Amino acid sequence: NIISSSSSTKEDLTYVKEYFYDDWDIAVETSKGTYKCDIKTALTKLEPQNNWNFLYPIVQAQKPGKDLMILVYYIYQGNDVHNLTNEVLIGATTYESIQKCSVLKKGEISKFGTESQTDNYMTELSRDYFDLGKFII
């Protein structure tokens, strides 16, 4: 009911944040310690390019307890998004890094002509994501 009515009351937003957005997706254990990671995925028909942007929802980025955010693109063919042909691990970033990015507000139009459904950080693949090994090795 909250989503279908596009409710934006503080109480409803808090409920959605706490119920639908987990603190982190996986824990990676290394000799340096344990890293709690949020995994973001995106579908595309094209090979990801360094100049691409990934819109990272602000409400998810602000959740405490995440050490790293990892971005993976799934490449598919034709019109069937289940026909995956490749996965590309773009890299990892931190909240400190993406909070410096510009923000695309809910209702604004992206450079691809789509309307943003929520406030998003506009991360850039070449600028904001780094080799995962940099963080955990």
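**A guided reading of the predicted model**

Threonine 94 lies in the loop that runs between strand 5 and helix 3 (95-98). The structure in which this residue sits is a predicted model. With a relative accessibility of 16%, threonine 94 counts as buried, because buried residues are those under 20% relative accessible area. Apart from residues up to four places away in sequence, threonine 94 touches Asp67, Leu68, Met69 and Phe135.

Four strands form an open sheet in the order 1-2-4-5, and their pairing is mixed. Strand 1 (26-30) and strand 5 stand at the edges with a single partner strand each, so one side of each has no neighbour in the sheet. On average, and with direction ignored, neighbouring strands of this sheet are turned by 30° against each other. Strand 4 and strand 5 run antiparallel and are joined by eight bridges. Within this pairing, isoleucine 75 has asparagine 86 of strand 5 as its bridge partner.

The nonpolar interior follows. In soluble globular proteins, nonpolar side chains tend to be buried together. In this model, the largest nonpolar core has 17 residues, and the members that touch the most others are Phe54, Tyr56 and Tyr73. Two or more residues of this core come from each of strand 3 (53-57), helix 2 (58-61), strand 4 (68-76) and strand 5 (84-93). Strand 4 supplies the largest share, with four residues.

Tyrosine 73 illustrates the surroundings of a residue in the largest core. When neighbours within four places in sequence are left aside, tyrosine 73 is in contact with Ala42, Thr44, Pro48, Trp52, Asn53 and Phe54, and also with Asn86, Glu87, Val88, Ile90 and Leu125. These contacts include Phe54, which is itself named with Tyr73 among the members touching the most others in the core. They also include Asn86, the bridge partner of isoleucine 75.

Charged residues provide a further set of links. Side chains of opposite charge can pair when their charged atoms come close. Across the whole structure, a search finds four salt bridges. One of them joins lysine 40 to aspartate 38, with 3.6 Å between the closest N and O atoms. Lysine 40 and aspartate 38 are both buried.

Another salt bridge is formed by lysine 105 and aspartate 119, whose closest N and O atoms are 4.0 Å apart. Both residues lie in the loop between strand 6 (103-104) and strand 7 (120-124), so the pair ties together parts that are 14 residues apart in sequence. Lysine 105 is partly exposed, its relative accessible area being 43%, and aspartate 119 is likewise partly exposed, at 26% relative accessibility.

Arginine 127 and aspartate 128 also meet through their side chains in a salt bridge, at 2.8 Å from N to O. Arginine 127 has a relative accessible area of 42% and is partly exposed, whereas aspartate 128 is buried, at 3% relative accessibility. Finally, salt bridges with shared partners join Asp38, Lys40 and Lys66 into one network.

Definitions and conventions:
Residues numbered from 1 in each chain as written. Predicted model: local features only at pLDDT ≥ 70, side-chain atom pairs only at ≥ 80, totals over all residues. Heavy atoms only, no water. Core = buried A, V, L, I, M, F, W, Y, C linked by side-chain atoms within 4.5 Å. Buried < 20%, exposed > 50% of the residue type's maximum accessible area, 1.4 Å probe, protein only. Contact = heavy atoms within 4.5 Å. Pairing = 2+ DSSP bridges. Axes fitted to C-alpha atoms, helices over the stretch in contact; angles between N-to-C directions.
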